[in-house]
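Thanks, everyone. I will keep this short and start with a loop, then move on to a helix, an interface and the confidence scores.

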Amino acid sequence: MTSSVPTTPESVRQQAAEVAARRRKRTRSTTTRWRRRTLLGLYLVFVILPIYWLLNLSFQTNSEILGSFSFWPQNFTIANYARIFTDSNWYMGYVNSLAYVLMNMLISISVALPAAYAFSRFRFIGDKHLFFWLLTNLMAPPAVFLLPYFQLYYSVGLFDTHIAVALAHCLFNIPLAIWILEGFMSSVPKEVDETAYIDGYSFPRFFVTIFLPMIRSGIGVTLFFLFMFSWVELLLSRTLTATNAQPIASIMTRTSTASGIDWGTLAAAGVLTIIPGVVVVYFVRNHIAKGFALGRT
Amino acid sequence: MEWMVWTLPTAIFFSGIAAILLGMTAWELASPSVERRGFLPIATTRGDRLFIGLLSAAYIHLAVVGFTDISIWFALGTSVLWLLVLMRWG
Amino acid sequence: MNKVYNNRAWFLILPMLLLVAFSAIIPLMTVVNYSVQDVFDANTRFFTGTEWFEVMLNDSALQAALLRQFAFSFTILAIEVPLGIGIALLMPKRGWQASAVLILITLPLLIPWNVVGSIWQLFTRGDIGLMGVGIRELGYAYNITRNPADAWATIILMDVWHWTPLIALLCYSGLRSIPDAYYQAARIDRASKWAVFRYIQLPKLTNVLVIGVLLRFMHSFMIYAEPFVLTGGGPGSSTTFLSQSLTTMAIGQQDLGPSAAFSLIYFLIILLVCWVFYTAIMNSQKDKTTQGGA
């Protein structure tokens, strides 16, 4: 293949690139590669270490945590996890959190998809200002909106329900979803739309059967970010719930009692909050690795 | 609505903003705005100039209220004047 | 892309607009209403005019919190952005290693914010924490509840740990979207590594970096749960940032009027900074495209 005489400009370029790449590979000594790996490795250690420590403490009893300092559990115990899984107050926290996160993802993505399509395909009165206004909602400080939120949801009778938290999280998740999706949609050529309309597709049918499959990975990435920001939020979800829809993050504050902090349970509960995130990243890893360039281009 | 603790001045304020937005929409429908370059360093449309005007009006009010003893009506007057200048020549 | 002018697009926007307006505009109006009154409850309240704004603008504790907030936000941006770009360049591009590194790096982003605080509390405590004990073993009397410098360093380290992955993730995706042909062309031209970065990779990253920096800037202003759990704002008030001052005032002391006034001031500051940043970026891009088209 490489010995044949190149005939087109592309193949000339291809061959030149291959030759250059081979030369570079030889000259780029193994030390460079090892340096890269070491640097990345160091960063990964920095990322893992605090999480490892949480894991370590979660398998120890409180007396061991406070009594002796060890790099791994000496008396391995799963009592901390057992406590969480047997007490409905505890495990319902995870169910509640997951419930409102999923609701929020569903609501956000279903209203953000048409809106993002409008922003990516049309000009209309106030479009730029609307877009910036959406972004300002990402910066709204939740701290002082707390009280109005509490009263708003109380007055419409949604206080302490999952849907209340899901709706409240729409405040920052819908703008974020539109922002991300708009970038993906703008990279789909407009000829696709036009061809479909000429072929007699109605807008809803075109949108669902042709357009959405084309931005599949965009939707995956968006869902990942929606999950992330709804799952990690504390202030709003804590304020809008009492007992029926209390998120795990606010249940965890129960570990500090008058007799001191229950470190083991705190650590175990912390470990369990990480797991849903890992599952979500696992599903979208290929979409992220495929590459996306966010933003209006 | 009771929990929103409305007062007359804030009600007037928000009605004013709403009226301006409606008016701008009507104006835009009647004669679409063209992006142009005035004394501001960037090219702006009518809506951009309105936004800049309102944002700077907020800062003018804050400065007057926070750091001087001048009446707030003076700040309001200055802001309206500045907004008009901005809309015409900005 | 040439967009069609069509005001019927508003119908596509409408559902979203209603939902966001419900959650954004009604509370915002209420905050404005609070800010001009002394509210005890819905029936007992007094009109105070601009008094709260005057008080808040001259409150030295809040001014200090604001300065601290800016110092914090710019410090973490200065560390996280270059570090995030660096990590993204180092990450493996394909195979199982790419997936593994991606999942590991994303971990801190998916941990609830108060759990992040707990993790770092457990990690840095002088009696049970790996880092706390480790530094003490090295002979430095590390103590985040006594020494403000230690508390600051720890909070910055925690934020770098927590949020650098976001920048790295966005940059990594941006880099992966560069077609291989660009790199091939660069190889033929024998472009140096720096030239590849400067003229191929960095321009592609501009967009994601704008998003990353804006998100980080806005979020750093809202930072609440992590320092609250880790240091409680102390020692003294050395790590009390804006959101915490606000929450203490609004929830703890039930001072609705002053805290509403202050949150409006705070909102205006962020609005201005973000608008300037956003406009500057959008305009520089527009200049580039018009030059390219001409």
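C:Arg190 sits in the loop between α8 (180–188) and α9 (193–222) of chain C. This is a predicted model, and in it C:Arg190 has a positive phi of about 50° although it is not a glycine. Most residues other than glycine have a negative phi. Is C:Arg190 buried or exposed? The count is 10 other C-beta atoms within 10 Å, so C:Arg190 is exposed.

A:Asp160 lies in the loop between α7 (142–155) and α8 (162–186) of chain A. It has 15 C-beta neighbours inside 10 Å and therefore counts as partly exposed.

Now the helix. In chain A, α5 covers residues 88–121, which is 34 residues. At 1.5 Å a residue it should span 50 Å, and its end C-alpha atoms are 49 Å apart, so the two agree. α5(A) does bend, by about 30° at A:Ala112, and A:Pro114 follows within four residues.

Next, the contact between chains B and C. Chain B gives 17 residues and chain C gives 22 residues. On the chain B side, the elements giving two or more residues are α1 (8–30) and α2 (46–67). The largest share, six residues, comes from α2(B). By class, that side has 13 nonpolar, three polar and one charged residues.

Last, confidence. The model scores ipTM 0.88 and pTM 0.87. Chain C averages a pLDDT of 83, with 96% of the residues at 70 or above. Within chain C, the lowest mean is 77, in helix α12 (residues 256–293), and the highest is 90, in helix α3 (residues 60–90).

Terms used
Residues numbered from 1 in each chain as written. Chains lettered and ligands numbered in written order. Predicted model: local features only at pLDDT ≥ 70, side-chain atom pairs only at ≥ 80, totals over all residues. Contact = placed C-beta atoms within 7 Å. Nonpolar A, V, L, I, M, F, W, Y, C, P; charged D, E, K, R; others polar. Expected span 1.5 Å × (residues − 1). Bend = angle between axes of the 7 residues up to and from the residue. pLDDT = per-residue confidence, 0-100. Buried ≥ 20, exposed ≤ 12 C-beta atoms within 10 Å, placed from the backbone.
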